Amino acid sequence: MTDKFLCDFRFLLLAAAVAFIYIQMCLFTTQSKYADRLANAVEAETRCTSQMRKLIDQISMQQSRIVDLEVKGLQRRMDKIQTPVAAVVIMACNRADYLERTIKSILKYQNAVASKYPLFVSQDGSDPQVREKALSYDQLTHMQHLDSKPVQTERPGELIAYYKIAHDMEIAPDFFDYFEAAAALMEKDKTIMAVSSWNDNGQKQFVHDPEILYRSDFFPGLGWMLTKSTWNELSPKWPKAYWDDWLRLQENHKGRQFIRPEVCRTYNFGEHVDWKSKDLSYLMEDEYIKHFAEILKNAKPINGADAVLKASNVQGDVRVHYKDQPDFERIARQFGVFQEWKDGVPRTAYKGVVVFRYPPPRRVFLVGPKSFELLGIKSV
């Protein structure tokens with residue numbers, strides 16, 4: 001009996017051991033499956049995280065590009081909202097039809113840059129037709145009488161210059177570019193009092209190169225620009241009439257000079273010039289006197305009577321020396337250029353020298369008795 005019991009007990013232990021081993025194997029298999037799944041899950045999560053990071057980076061790059069585009073778009077819009085640079089003032093009197101022609105000529109080229117160059121009409125007189133004609137244009141910033149308060153805008157402190165335009169003028173397509181380029185010279189060189197778009201000897205038979213500019217001791221007038229500081233200096237004593245001759249007096253210009261073109265940028269203007277691409281540094285005072293002296297020295301001298309005939313028979317530039325004002329007037333009359341002087345200065349002259357083309361492209365220099373000395377030229 002005892003042997004049988006022991007045999008049954010051993011059988012039970014064996015069965016329990018087999019069952020235990022089976023259960024352990026099942027648990028091990030299950031754990032292995034879960035471990036594989038867990039490893040797969042971790043790997044999947046890692047891949048997902050990596051893809052998420054790539055997606056975030058892509059989104060960040062796209063956002064940066066969007067921001068850049070928005071900034072550039074904003075900059076372009078801001079560029080169109082330009083700060084006023086110069087007030088354009090038309091001086092009108094009593095000719096409404098001429099005023100209309102001038103306003104139309106200006107608006108043809110001013111509309112694209114209207115925020116930089118606000119347009120004004122200043123009336124010297126009480127002709128109601130002039131006032132009515134001016135106020136019929138929506139683009140007009142302000143209408144005032146010449147003897148009233150100075151030109152003003154909503155932001156007057158931002159104006160750095162004033163263009164003065166006669167009411168019977170028509171402007172060149174490059175008019176505003178010309179003055180903007182010249183304004184940089186005025187800021188650097190305080191010996192320049194004003195920049196003009198006019199050449200008194202600018203008729204087509206006396207000019208050739210539309211890109212050439214000159215310094216002059218004689219105020220040209222007819223479309224000119226002053227800096228704000230110069231206007232503030234002159235405006236308290238500005239005359240009610242003949243202000244062009246007034247500006248030609250030494251007591252008012254105080255030795256300061258003027259920039260003028262060879263080919264007018266008003267009336268008889270020539271081809272369009274890209275003034276912003278031009279190097280105008282040769283017009284700075286220290287550079288220009290050397291530049292002009294060198295050109296003058298290289299011109300061939302002509303002496304005696306019949307200057308026109310002699311000049312026509314010489315190749316290249318020529319110079320004719322005059323002794324005094326009557327002698328200048330005699331020679332200028334022969335060529336057909338202006339004979340007028342004001343306060344001791346011939347019209348268009350620089351250091352007593354008047355230059356024009358005759359016939360183009362030859363340059364003719366009418367040289368004063370002190371011109372070589374003023375230009376630092378020794379006798380040649």
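Residues are numbered from 1 along each chain as its sequence is written. The model is predicted, so local features need a pLDDT of at least 70 and side-chain atom pairs count only at pLDDT 80 or more, while totals for chains, interfaces and linings use all residues, and side-chain values use heavy atoms, with hydrogens and water left out.

Confidence comes first. The pLDDT is the predictor's confidence in each residue, from 0 to 100. The protein chain has an average pLDDT of 80. A score of at least 70 is reached by 66% of the residues. Over residues 143-160 the pLDDT is below 50. In the model this stretch has 43 contacts beyond near neighbours in sequence. A contact means heavy atoms within 4.5 Å. Where pLDDT is low, the predicted coordinates should not be read in detail.

The nonpolar cores follow. A nonpolar core is a set of buried Ala, Val, Leu, Ile, Met, Phe, Trp, Tyr and Cys residues joined through side-chain atoms within 4.5 Å. Buried means under 20% relative accessible area, exposed means over 50%, and partly exposed lies in between (1.4 Å probe, protein chains only). The largest nonpolar core holds 45 residues. Val195, Phe292, Leu296, Phe365 and Leu375 have the most contacts inside this core. Helix α4, residues 175-188, gives the most to this core, with 9 residues. Helices (H or I, at least four residues) and strands (E, at least two) are DSSP runs, numbered from the N terminus. In soluble globular proteins, nonpolar side chains tend to be buried together. Leu375 touches Ile289, Phe292, Ala293, Leu296, Tyr350, Lys351 and Val353, leaving aside residues up to four places away in sequence.

An open sheet has 4 strands in the order β9-β10-β14-β13, and the pairing is mixed. Two strands pair if DSSP finds at least two bridges between them. β9 (300-302) and β13 (354-357) stand at the edges. Each has a single partner strand, so one side of each is left without a neighbour in the sheet. Neighbouring strands of this sheet are turned by 25° against each other on average, direction ignored. Axes are lines fitted to C-alpha atoms, for helices over the stretch in contact, and angles run from 0 to 180 degrees between N-to-C directions.

β9 and β10 (residues 318-321) run parallel and are joined by 3 bridges. Here Ile302 stands opposite Val320 in β10. Helix α8, residues 285-298, packs on the sheet and touches β9, β10, β13 and β14 (363-367). The direction of α8 makes about 100° with that of β14. Helix α10, residues 325-335, also packs on the sheet, touching β10, β13 and β14. The direction of α10 makes about 165° with that of β14.

β13 and β14 pair in the antiparallel sense over 4 bridges. A hairpin of 5 residues joins β13 to β14. Phe365 in β14 is the bridge partner of Val355. Val354 and Phe356 point one way from β13, while Val355 and Arg357 point the other way. All four are buried.

Gln205 lies in the loop between β5 (192-196) and β6 (213-216). Gln205 is partly exposed, at 41% relative accessibility. Leaving aside residues up to four places away in sequence, Gln205 touches Arg357 and Pro360. The C-alpha atoms of Gln205 and Pro360 are separated by 7.0 Å, although the two residues are 155 residues apart along the chain.

The structure holds 16 salt bridges. A salt bridge is a side-chain nitrogen of Lys or Arg within 4 Å of a carboxyl oxygen of Asp or Glu. Asp189 forms one with Arg215, and the closest N and O atoms are 3.0 Å apart. This pair links distant parts of the chain, 26 residues apart. Asp189 is in the loop between α4 and β5, and Arg215 is in strand β6. Asp189 is buried, at 6% relative accessibility. Arg215 is buried too, at 1%. Lys278 and Glu211 meet in a salt bridge at 3.2 Å, N to O. Lys278 is partly exposed, with a relative accessible area of 31%. Glu211 is partly exposed, at 35%.
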